Amino acid sequence: MPSARTVLRTVGEESDVKVRDAFFEVLRSHGITTVFGNPGSNELPLLRDFPDDFRYVLALHEGAAIAMADGYALATGRPSLVNLHAAAGTGNAMGNLTNTQSGHVPVVVTSGQQARRYTALNALLTNVDATALADPLVKWSCEPLRPEDVPQALSQGILLAGSAPAGPVYLSLPLDDWDHQADPGVLKHLKARTVQGDPVVSEAALDPLRRRLTGAANPVMVVGPGIDDATGWDGACRLADRLALPVFVAPSPSRCPFPTRHPGYRGVLPSDIPGVARHFDGHDLVVAFGAAIFRYHAFEEGDYLPRGTELWAVTSDPDEATRAPFGQILVGNPSDALARLAETVPARHRPPPPQLERTSRLNEAGPAFSAEAIVDALDAAKDESTVLAHEWTSVDTTWDRFDISRPGSLYFPASGGLGWGLPAAIGLQLGDPSRRVLAMLGDGALHYTVSALWTAARYRVPVVFVVARNGEYGALKKFTQVMQAPGVPGLELPGIDITGIASAYGISATRVDTLAGLTAAVTAALATDEPHLIEVPQQPLTAG
């Protein structure tokens, strides 16, 4: 017989519903029964007698907790919930919250507030100016005016987080609200209401783009994270085939939105203004879907587009559209727009773009290996269902060497904030157990949220973590060359026992010394139902 804590109250009992019970009922009505968190004293009144039908996933640091919720939402395609501790806990999480915001990930971030009487006194653990704390990293921030307003605020936050453009919201919840009476009439409606928040581009707005594509002499397509779904992949492939388009991935991508072995695939665009423009030389039209225009990184002066080139784009984010410094931008679901264009744009009989040149799989002797060789060894170990959680930042666009053939197969920290990859991999695995997750981490990135290994061990989350050990911040060393900044301190990471740390957290760990050994170890680990960490030596930048 179900526990009394899991049974919704009958109509006759609803007048006795407390705010705390209503909070969980609203979550249930949206299918949210997993809570990621790291609790503090402000959160204990919410978490006491935790409902039996909910799962609490404990992280040992708030930065790890929010990245797990981020990965979980990415895998499920629905809003997730993370519970943090007041201002300090929110502050610990904000590094990874930048990735959640930039990646348009629907995460409901809740944090405990001091008792209402105490907040005016700035008592210990007061969430000072709570609604401003997470700005500008959230779509909406709220501290309910009355205890009775908590369920309404939660419902609004969930619906807003999942509406286009998706993104995180923040709720500060006073610790003495939970035992107040909820309004049963309000709760009844909150549990039943829905919002369909995914606008599409109208036909009238799409027609000029359709005509421009039809009349273009030499168009090129750019795709971004916003089309990394089944509709977007199918539409992009069909449009590329129909018009014989070369296809680039937009700069600084957080996902892989196009099959890397498609004949039209041309790779990832660079992240500087003139570098992007050079790839458009000879093209009269650039059409971009699901990408900001553009997420540049490495600064270099230049013109955005070559002379005679025009850009049109579709994005679900009005902010991305309005901050684009050039182009004709349509706001609406980019995957839907792609699907409609692929159905209606007349085919053009052009020769297909030449196949992207690829080097053969590398087989190096060691004792340390190039990033390209390590990627090749990992590609040999995975299959088409494997999900890659990528935070090996010195590798940059080398992931092009992976054979990626289906949506939702590669994720990267959307704002470049380190500490996301390890816990996000755990969230991705919990969110979709049908696909195995392979996390690729640099030895520097690993330590930002290394405590997440404990969560993987504690809940037996079968992620395979591969750590490339080069004993340095390789990405920063590259930038010292680009930015002509020699003699920078703090870029060396010697003497870290990575497998020993993993073992101490309860994770089985292996150190390999050959590429064949890496492929074999990853293949074997993916076949188990336990987490595993594998360390492989990578050539330091100085060796190149």
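This is a predicted model: local features need pLDDT of at least 70, side-chain atom pairs count only at pLDDT 80 or more; totals for chains, interfaces and linings use all residues.

Reader: Which residues of helix 9 are buried?

Author: First, the general idea. An α-helix has 3.6 residues a turn, so residues three or four places apart point the same way. Helices are DSSP runs (H or I, at least four residues), numbered from the N terminus. Buried means under 20% relative accessible area, exposed over 50% (1.4 Å probe, protein chains only). In helix 9, Leu206, Leu209, Arg210 and Leu213 are buried. Seen down the axis of helix 9, its buried residues fall within an arc of 105° (directions from the helix axis to the C-beta atoms), so they line one face. Ala204, Arg211 and Gly215, on the other side of helix 9, are exposed.

Reader: How many cavities are there of 30 Å³ or more?

Author: A cavity is a set of points on a 1 Å grid over the protein atoms alone, where a 1.4 Å probe fits but cannot get out; lining residues have an atom within 4 Å of a point. Volume is the space filled by probe spheres set on the points, which are joined across faces, edges and corners. The count is four. The largest cavity holds about 70 Å³. Its lining includes Asp70, Arg255 and Trp420.

Reader: What is the volume of the second largest cavity?

Author: About 50 Å³. Among the residues lining the second largest cavity are Ile32, Tyr72 and Arg78.

Definitions and conventions: Residues are numbered from 1 along each chain as its sequence is written. Side-chain values use heavy atoms; hydrogens and water are left out. On a 1 Å grid over the protein atoms alone, a cavity is a set of points where a 1.4 Å probe fits but cannot get out, and a pocket is an open set with protein on both sides within 12 Å along at least five of seven lines; lining residues have an atom within 4 Å of a point. Helices (H or I, at least four residues) and strands (E, at least two) are DSSP runs, numbered from the N terminus.
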